[in-house]
Amino acid sequence: MPERLLIRNCRLYDAPEDSPLVDVLIEGGRIAEIGERLPPDRGTQLLDAGGWLLAPGFIDVHIQGAGGADVLDGTPEALAPIASTLPRFGTTSFLATTAEHYDKPNRHLHVAADLVGKDLGGAHLVGIHLEGPFINKEKRGGMSPSCIGPPSAKTLQEIFQLTGDGLKMMTIAPELEGALPIIAQLAEVGVVASFGHSAATYEQTARAIAAGIRHVTHLFNAMAPFHHREPGPLAAIVEHEHVTAQLIADGVHVHPAALRMAWRLLGPQRLIAITDGIQAIGLPEGRYVYNGREYESRDGTARYLDGTLIGTAIGLDTFVRRLRQFCGCSLRQAIDTATRNPALLLGLAHKGSLDVGCDADLVLLDHTGEVQVTLVAGTTRYRRDEWWPQIAPGPPKAGR
C-alpha cells in the first residue's frame, strides 16, 4: 500500500450537497487529513476523484460466500476469493457467515477464525457470524437440518474453542428450551446475540431482548408474521429501540411495501443492509451447489431447486441503491445502513465513518450510487472502468 495517498476533488457523502469538493489524505492506511486543496508532499501519490462521492467502505455482517467460494469450503484458499470479490461491490469488511455441522467436522470455523484480521487481498474479514445451530427447525428456511441442534452450554463451549475471539455474532431462536442462558452468555462475552430463524411469540421475544438479544437476523424472513391479536416478534423488536435489524432489501426476500414499513417503524439508524450473499455473487447466472444441495442463481436471487430462497447473488451496493429506490430515503441514509450502522453494532471504532484517524476503507460512488473505486486500508482493490487512470505519483522526491 502507498505510504501516502491524496484523493483529490471528492464530495463527502455526509456533507451538504452545496459543499465544496475536498481532498482526503491517507497515511499508513488511515485517514490523516481532510480539507480543501491539500498540498501534496513529495512522494505522495495522487488520485483525482473527479467530483465523485466519497463514502466509508461497506460492511456486510451477513454473507456466506462470493466469487465461487463459500465459507463452508473450509480452506484459506476459499476465503481469499470472497475477500477479493467484495470490493467490486464497495464492500471492504465482512463477517464470514456460516453454520455449524453436527454430522461432520467443523474445520471451516477454525479456518475462518484463524484468518480474521489477516490480509486476504481484498475486503477485511472482521469476524464470524454463526447462523445457528440453536435455531427453530420450523423456521430453518434454507438451513440444513444437520446444522440445527438444541441450545447447549457444551456445544457453545465447543464453538468458542473453534472460533476463539473470531466469533462476533450468533443467530439464535429464543423460544427454544435453554436459549435464554445462551443469549445471556453471548452478551456477557461481547458476541452479538441476534434473533432469527425463530417462531417466537411477542412475549418470548421480549424476554429474549431482556436477556441480551440486541440484533435481528434478516428481519421478516424466517420468523413468525405479525397478527393484530398475536403480534409476534415484530412488535417486540419495534418497541425496543436499542435493537437493530438486518434487512435484505432486494425486493424479493422482502416486498418493497414491507421494506417501507420497516423503514418507518425502525428508522434509518436501526436498520442494517445485508446481502445474505452466497458463492454466486460475482458469477454468471446458472446452477451451483451450496451446503451439498444444488441451487439456481437467477436475477440476483438464489433458490434451491424446490423454490426455497437461500440468499442473494448481488453485491451490497445494489442493496444500498434499492433501499433508496424502495424507501425514498436519501443516499446518505442508505449508505449509513451499510457503513455507520454495522460499524456501531460490531464496535468497529475505526470503520464506518470518514473521521480523521479512521481506517482508509473507502468507496468512490457516482451520483447514482454506482461503485467506481474501492480502497481497502488505502490500497486500490477495485476500479470500475479501464478509463480510470492509474494512481499517479506525486511530485518527485528531492535528489540525494
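User: What makes a loop the place of alanine 377?

Analyst: Alanine 377 is found in the loop between β21 (371–376) and β22. Strands (E, at least two residues) and helices (H or I, at least four) are DSSP runs, numbered from the N terminus. This is a predicted model, where local features need pLDDT of at least 70, side-chain atom pairs count only at pLDDT 80 or more, and totals for chains, interfaces and linings use all residues. Residues are numbered from 1 along each chain as its sequence is written, and side-chain values use heavy atoms, with hydrogens and water left out.

User: What is phi near in alanine 377?

Analyst: Phi is near 55° there, a positive value in a residue other than glycine. Most residues other than glycine have a negative phi. Aspartate 299 isn't a glycine either, and has a positive phi of about 55°. That aspartate 299 sits in the loop between β17 (293–298) and β18 (301–304).

User: What makes the peptide bond of glycine 132 and proline 133 stand out?

Analyst: That bond is cis, with omega about 5°. Most peptide bonds are trans. Proline 133 is in the loop between β10 and α3 (153–163).

User: How do you know that the side chains of arginine 4 and glutamate 27 meet in a salt bridge?

Analyst: A salt bridge needs a side-chain nitrogen of Lys or Arg within 4 Å of a carboxyl oxygen of Asp or Glu. The arginine 4 and glutamate 27 pair has its N to O distance at 1.8 Å, so it passes. Arginine 4 is in strand β1 (residues 4–12) and glutamate 27 in strand β2 (residues 22–27), so the pair ties together parts that are 23 residues apart in sequence. Glutamate 27, at 33% relative accessibility, counts as partly exposed.

User: What other salt bridge has aspartate 119 in it?

Analyst: Its side chain meets that of arginine 381, at 3.6 Å, N to O. Aspartate 119 is in the loop between α2 (107–115) and β10 (124–131) and arginine 381 in strand β22 (residues 379–383), so this pair ties together parts that are 262 residues apart in sequence. Aspartate 119 is exposed at 64%, whereas arginine 381 is partly exposed at 31%. The structure holds 13 salt bridges, and Arg30, Lys351, Asp359 and Asp361 are linked in a network of them.

User: Why are arginine 321 and aspartate 317 about one helical turn apart?

Analyst: They are four residues apart in helix α8 (residues 316–327), which means a separation of about one helical turn. Arginine 321 has a relative accessible area of 19%, so it's buried. Aspartate 317 is buried too, with 6%.

User: How do you know that the span of α8 agrees with its 12 residues?

Analyst: The expected span is 1.5 Å times one less than the number of residues. For α8 that should be 16 Å, and its end C-alpha atoms are 16 Å apart, which agrees. Nine of its 12 residues are buried, so α8 is mostly covered. After α8 comes glycine 328, with a positive phi near 70°.

User: What makes a space a pocket or a cavity?

Analyst: On a 1 Å grid over the protein atoms alone, a cavity is a set of points where a 1.4 Å probe fits but cannot get out. A pocket is an open set with protein on both sides within 12 Å along at least five of seven lines, and lining residues have an atom within 4 Å of a point. Grid points are joined across faces, edges and corners, and a volume is the space filled by probe spheres set on the points.

User: How much space lies in the largest pocket and in the largest cavity?

Analyst: The largest pocket holds about 340 Å³. Of its 17 lining residues, those closest to the centre are Arg11, Tyr13, Glu17, Leu53 and Leu331. The second largest pocket has about 280 Å³, and α8 gives the most to its lining, with three residues. By this rule there is one cavity of 30 Å³ or more, and the largest cavity has about 40 Å³. Lysine 351, Asp359 and Asp361 are among the residues that line the cavity.

Note on methods: Buried means under 20% relative accessible area, exposed over 50%, partly exposed in between (1.4 Å probe, protein chains only).
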